[in-house]
Every structure is written in structure tokens, then in C-alpha cells.
Amino acid sequence: MHRYGVLGVILVSACGGTATGRLGEGPLLCEPTLPNPRFGYSAADAPIPPHFLASPLGTVAFADNTPADNPITNAGATLGRVLFHDTRLSRDDRIACASCHRQRFGFGDTARFSAGLNGRRQLRHTMALANARFNDGGRFFWDQRAASLEAQVLIPIADTLEMGMPLNQLEHKLAATPRYPALFAAAFGSPEINRDGIAKALAQFIRTLISSDARLDAAMRPSGAPDPTLLTREERQGLELFQSVGCANCHRSASQFADKASNIGLDRESGDTGVGGGRFRPPSLRNIGVRPPYMHDGRFKTLREVVEFYSERVRPDPGIDPRLLRPDGTPRRLALDSIQVSALVAFLETLTDTAFLRAERFGDPFPCHQINPTR
């Protein structure tokens with residue numbers, strides 16, 4: 001229920017929370033609206049899709065980075081969903097994890113550099129989070145500086161360029177916020193709120209973001225032989241090229257996650273060296289068609305530009321991935337014609353998972369965000 005006055009806005013959520021703020025001036029804060037019964041996220045309620053475990057594109061069975069001490073539970077992932085969408089996690093109550101990792105863009109962003117605290121732009125393009133659970137090795141960020149997803153989720157919160165919220169202050173802030181003590185008690189058996197629980201809950205939720213219902217999946221399900229006729233002729237040609245020209249050597253398995261950080265010959269020299277030597281590890285290719293621009297610095301505006309780069313413009317570099325070298329040591333360019341480029345782009349667009357982009361179980365549970373002009 002919303003009540004608007006001349007001087008401000010008052011929102012009373014379905015959960016009984018109240019938020020106040022002047023239209024156009026400040027953020028609106030309210031309590032989340034959660035379903036009863038709650039959504040299921042655990043292995044029992046939402047197992048890994050069978051075709052991800054037995055796919056012609058490769059199994060994810062050995063890539064799951066879920067640690068033994070943080071299994072996905074319904075209560076833990078529910079808490080993580082609330083935290084992920086809550087602007088209270090930022091210093092000025094205006095930025096949530098979901099402000100940059102937007103569901104409709106595959107939990108990525110279409111801004112070249114997303115805006116953080118006080119509108120300051122980030123230094124790299126926002127990484128999409130779909131299928132992060134199958135990031136083999138479990139290191140995160142373009143430069144792999146976080147040793148686990150549990151470590152990664154806290155870094156943007158505290159970073160002064162992103163959300164700017166000191167973790168000790170966040171613990172006190174959430175402890176004083178209605179609903180959080182009960183959500184933490186349900187998730188971890190105690191109402192105590194600490195950064196370890198925040199990290200574990202956020203990591204649990206992000207690991208539930210499995211995108212597995214794209215058109216390609218319909219053609220690759222294991223209940224019989226793969227049925228490529230569910231794809232158009234151009235898309236089938238793109239799939240064949242993806243496998244034959246070497247794309248699948250790096251973007252492996254049904255999750256389409258890159259196997260390691262690589263130098264792909266983007267620059268002869270670059271101020272951003274990534275992991276070192278110009279090496280970066282990109283996110284899953286899932287939903288890549290809805291989240292331009294591309295690369296760590298968002299330099300390519302379209303998928304066609306990306307494919308044309310691999311076709312014609314891979315640059316020589318001493319640290320280039322050996323898979324992008326010819327036997328004589330020169331860069332391996334795919335030399336595709338325009339029809340082949342179009343086919344590869346068409347295939348990449350079959351990775352768009354409309355159900356994932358709209359699933360309520362992943363979406364924003366805060367009703368006030370729908371009218372908050374700051375989001």
C-alpha cells in the first residue's frame with residue numbers, strides 16, 4: 001500500500017515495514033516481501049539440472065565450487081537474496097549488489113562501467129553472475145584476486161569506489177534492521193549478524209543462479225540423443241563452428257565458463273594487466289546476448305564485434321594463450337567469412353535464458369524499490 005503526500009512518500013510494505021523519503025531526494029527503505037512457503041534453493045529442492053551433468057558440451061560435475069562448510073540451504077539462500085537486493089548494504093542506502101548485477105541482464109550490466117558510490121564509475125565492466133557456481137577453481141573477479149565466492153562478495157561492499165560500507169558498520173546496521181535477526185537465525189541458528197554469515201548467505205544465493213533453460217538446452221537435454229533440429233540452420237552452423245574452430249576449448253561444459261584466465265591478444269600493451277601479463281578470466285557465456293558491451297573494459301559494443309576480433313584482429317603478444325597461436329608462433333585468427341560470423345553470433349544468442357531473466361525466486365523482494373527514483 002502506498003500513500004503519497006506533497007512533502008514526501010510513505011510506504012507500508014506487506015511485511016509491515018515503513019520507509020520514508022522525499023520524492024527524488026533520498027532512498028526508500030522497507031522490509032522484503034517473502035513468499036510463504038519460501039522458495040526452494042537447496043540441493044533437494046533445486047538440484048543441478050541433469051543435462052548439465054551429462055551434456056555433449058561437457059559436464060559441470062567437477063566444477064562445482066560449493067565449499068563443504070557452506071552448502072546451499074533454503075533459509076541461507078533466502079537471506080542471501082534479501083541481502084543481494086538490499087540497498088542498506090551501501091553507505092548511502094542507494095546501491096545494492098543488484099544495482100550493478102541486474103537480473104534482466106543476466107545479473108550483469110549494460111553500462112560499460114557501472115556507477116558506484118556517489119556516481120563514481122567502476123574501473124572494469126561488471127561481470128555477470130550466472131553459473132558462478134561452476135567457476136572451476138573458485139577464484140573470482142576478472143583478475144581472480146578473490147580466493148572464493150565467500151571472499152568475493154564482501155569486497156565490493158567495503159570498496160570505497162563501489163558500495164563504501166565498512167563491514168563492522170554493516171554488521172551493526174543490519175542488526176538494528178527489522179527482519180534480519182530472524183533471517184540470520186533461520187539460516188545459521190543464531191540471530192547474531194556478522195560478516196561471515198553475510199558472506200555465506202550471499203555466496204549461497206549467487207550459487208543458485210544457474211541459467212539452464214536457454215534454447216540451446218532444449219536441444220541438448222540428456223533424455224535421449226541431442227536434437228539439434230530445435231535450432232535453426234544458422235544456429236546449428238554456429239554451434240558447429242563454436243566447437244570446431246576452438247571456442248569450446250576455452251568456454252567449456254554446459255555452463256560455458258572459461259577454463260582459466262587468458263591473454264587473448266586484445267592489446268600489445270595495456271595499463272590493466274589483469275591477473276598479470278594481460279590475462280583475464282571472463283564470466284559464463286550464458287545470456288551474453290542481453291548484456292553488451294563485452295570484455296573486461298567493455299570495448300566491444302556488439303557480439304559481432306567480438307567474433308570479428310577473433311576472426312581478424314587478435315594481436316601478437318608474448319603472453320598470449322598458446323591456444324591462440326599458430327605453430328609458427330603468430331596469432332591464430334579464425335578468418336571467418338560474414339556468413340560464419342553471423343552464424344556464431346546466432347549461436348551465442350541461443351544461450352539467452354528468458355525464464356532465468358524473469359524468475360521471481362531470484363528477483364528483488366523489496367516492494368519500495370519499484371517506486372524509488374534512486375534505483
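Contact here means heavy atoms within 4.5 Å. By that rule, Asp 217 touches His 51, Phe 52, Ser 212 and Arg 286, not counting residues up to four places away in sequence. This is a predicted model, in which local features need pLDDT of at least 70, side-chain atom pairs count only at pLDDT 80 or more, and totals for chains, interfaces and linings use all residues. Residues are numbered from 1 along each chain as its sequence is written, and side-chain values use heavy atoms, with hydrogens and water left out.

**Asp 217**
- Asp 217 sits in helix 9 (residues 215-220); helices (H or I, at least four residues) and strands (E, at least two) are DSSP runs, numbered from the N terminus.
- Asp 217 counts as buried because its relative accessibility is 2%; buried means under 20% relative accessible area, exposed over 50%, partly exposed in between (1.4 Å probe, protein chains only).

**Nonpolar cores**
- A nonpolar core is a set of buried Ala, Val, Leu, Ile, Met, Phe, Trp, Tyr and Cys residues joined through side-chain atoms within 4.5 Å.
- The largest nonpolar core has 47 residues, and those with the most contacts inside it are Leu 83, Phe 84, Ile 157, Tyr 180, Ile 198 and Leu 202.
- Helix 8 gives this core its largest share, 7 residues.
- Ile 157 touches Leu 89, Met 163, Gly 164, Met 165, Leu 167, Leu 170 and Leu 202, not counting residues up to four places away in sequence.
- Another core, of 33 residues, lies apart from it; Leu 285, Ile 288, Val 314 and Leu 324 are among them.

**Helix 12 and helix 13**
- Helix 12 (residues 303-313) packs with helix 13 (residues 338-349) at about 125°, their axes 9 Å apart.
- Axes are lines fitted to C-alpha atoms, for helices over the stretch in contact, and angles run from 0 to 180 degrees between N-to-C directions.
- That makes helix 12 oblique to helix 13; angles under 35 degrees count as roughly parallel, over 145 as roughly antiparallel, 65 to 115 as roughly perpendicular and the rest as oblique.
- Residues making the contact include Leu 303 and Val 307 of helix 12, and Val 341 and Leu 348 of helix 13.

**Backbone features**
- A cis peptide bond joins Asn 36 and Pro 37, with omega about 5°.
- The bond from Pro 292 to Pro 293 is also cis, with omega near 0°.
- Gln 144 is not glycine, yet its phi is positive, near 60°; Gln 144 is buried, at 12% relative accessible area.
- Ala 335 also has a positive phi, near 55°, but Ala 335 is exposed, at 55%.
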